[in-house]
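Trainee: I've got a model open and I'd like to talk through its aromatic side chains and its surface. Could you walk me through it?

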Amino acid sequence: MRLAILLLSLVCSSALAHPFVSDYGFLQQTAAGRYHLTLDLPVTAGAHALPSLKGSPGVTIAPESRTLSEDGFGEDHWRYEILSHSDSPELTLSFLGKENAQLILSKQNLKGESSIELLNAQHERIRLQADGSPWQTAVTFLGKGMWHVLSGTDHLLFILGIFLLSPSLRELLSKVTLFTLAHSITLSLAVLGFVTIPAPPVEAGIALSILYVCFELSQRRNKSAGHVKWVIFSFGLLHGLGFSSALTAGDLPQASIPLILGMFNLGVEAGQLLFISAMGGVLTLLRHLRPLWFNTAERGLVVFMGCSAAFWFFQRLPPIFF
């Protein structure tokens with residue numbers, strides 16, 4: 001059974017880690033019927049995202065420039081000049097060569113009014129006018145926060161480890177609260193630009209945090225609850241830096257940053273609680289109905305978590321040094 005779990009984790013782990021960081025775009029109306037579009041697309045694992053733009057009838061797109069990252073890191077920059085003779089101008093945007101991409105598009109009209117849209121890598125239509133609202137922005141980033149945590153299996157495995165380390169609901173709530181407080185602090189500091197740490201060591205550290213949890217689960221040492229809680233708090237600071245990869249304040253309207261940060265953080269918490277509720281319900285039910293099955297499932301989960309974390313750690317080491 002352990003061999004099967006090991007093989008499964010090695011096959012799946014590269015696809016199960018956090019799948020994307022956000023791309024950014026800025027669409028500014030510069031005159032009546034004239035727009036300027038800038039796309040900043042991070043290079044992920046050496047893969048360049050090639051944007052494909054088509055205009056609705058009456059819309060003309062003129063590529064101005066493109067700057068591609070030569071070393072497979074950093075960002076690609078694409079700039080377009082858009083002319084419109086339509087009353088309801090639209091663009092159709094899609095990405096080639098980049099799965100799971102999400103584009104945070106900030107729009108600004110001649111009056112200086114801004115709105116924000118969240119687009120995926122699939123076929124998306126963009127209205128050129130900035131017609132968003134704070135409510136739309138709030139819902140957008142609440143959903144983005146939930147999706148970011150639920151799509152990041154490395155974060156979810158650490159949360160699962162916290163659940164398995166907690167003998168009671170009170171202990172679970174205490175540890176999750178500390179974890180939440182910690183990653184909220186570093187998420188906010190990183191998005192606001194007060195803390196800047198390169199992504200590779202952060203991602204490797206997140207993998208190590210899962211290995212720590214697996215070690216505690218395998219040893220079942222009688223350490224004080226305070227010791228484990230403060231270790232979880234420390235790793236929570238690290239996970240907050242990982243969450244911040246989805247947002248960069250410099251690419252967002254300054255006036256919208258508090259709303260965006262607050263709703264994204266709330267979405268992260270909602271995603272965590274949803275995951276804990278689902279897994280907790282299944283494992284608690286299994287523990288009461290089939291104790292032997294629960295023990296087997298718990299051991300299998302620890303092996304899976306450990307193998308995945310070890311794979312991620314060694315996979316994430318080279319970018320730190322090269």
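Predicted model: local features only at pLDDT ≥ 70, side-chain atom pairs only at ≥ 80, totals over all residues.

Trainee: Which residues do ring pairs link into a cluster?

Mentor: By that rule the count comes to five aromatic pairs. Ring pairs join up into a cluster, and its members are F158, F179, Y212 and F235.

Trainee: Are the planes of F158 and F179 stacked, tilted or edge-to-face?

Mentor: Planes under 30 degrees apart count as stacked and those over 60 as edge-to-face, with the rest tilted. The ring centres of F158 and F179 are 5.2 Å apart and the planes sit at 40°, so the pair is tilted.

Trainee: How many residues apart in sequence are the parts that this pair ties together?

Mentor: F158 is buried at 0% relative accessible area, and F179 is buried too, at 2%. F158 belongs to helix α3 (residues 153-165) and F179 to helix α4, so the parts tied together are apart in sequence by 21 residues.

Trainee: And F314, is that buried or exposed?

Mentor: F313 is buried, at 17%. Exposed means over 50% relative accessible area. F314 comes in at 58%, so F314 is exposed.

Trainee: How much accessible area does the nonpolar patch with L189 have together?

Mentor: L189 lies in helix α4 (residues 169-191) and is partly exposed, at 33%. L181, I185, L192 and F194 form the patch along with L189, and together the accessible area is about 470 Å².

Definitions and conventions. Residues numbered from 1 in each chain as written. Heavy atoms only, no water. Patch = residues over 30% accessible without salt bridge, like charges linked within 9 Å, V, L, I, M, F, W, Y side chains within 5 Å. Areas by Shrake-Rupley, 256 points an atom, 1.4 Å probe, with all protein chains shown as cover. Salt bridge = Lys/Arg side-chain N within 4 Å of Asp/Glu carboxyl O. Helix = DSSP H or I, 4+ residues; strand = E, 2+ residues; numbered from the N terminus. Buried < 20%, exposed > 50% of the residue type's maximum accessible area, 1.4 Å probe, protein only. Phe/Tyr/Trp six-rings, centres within 6.5 Å; stacked < 30°, edge-to-face > 60°.
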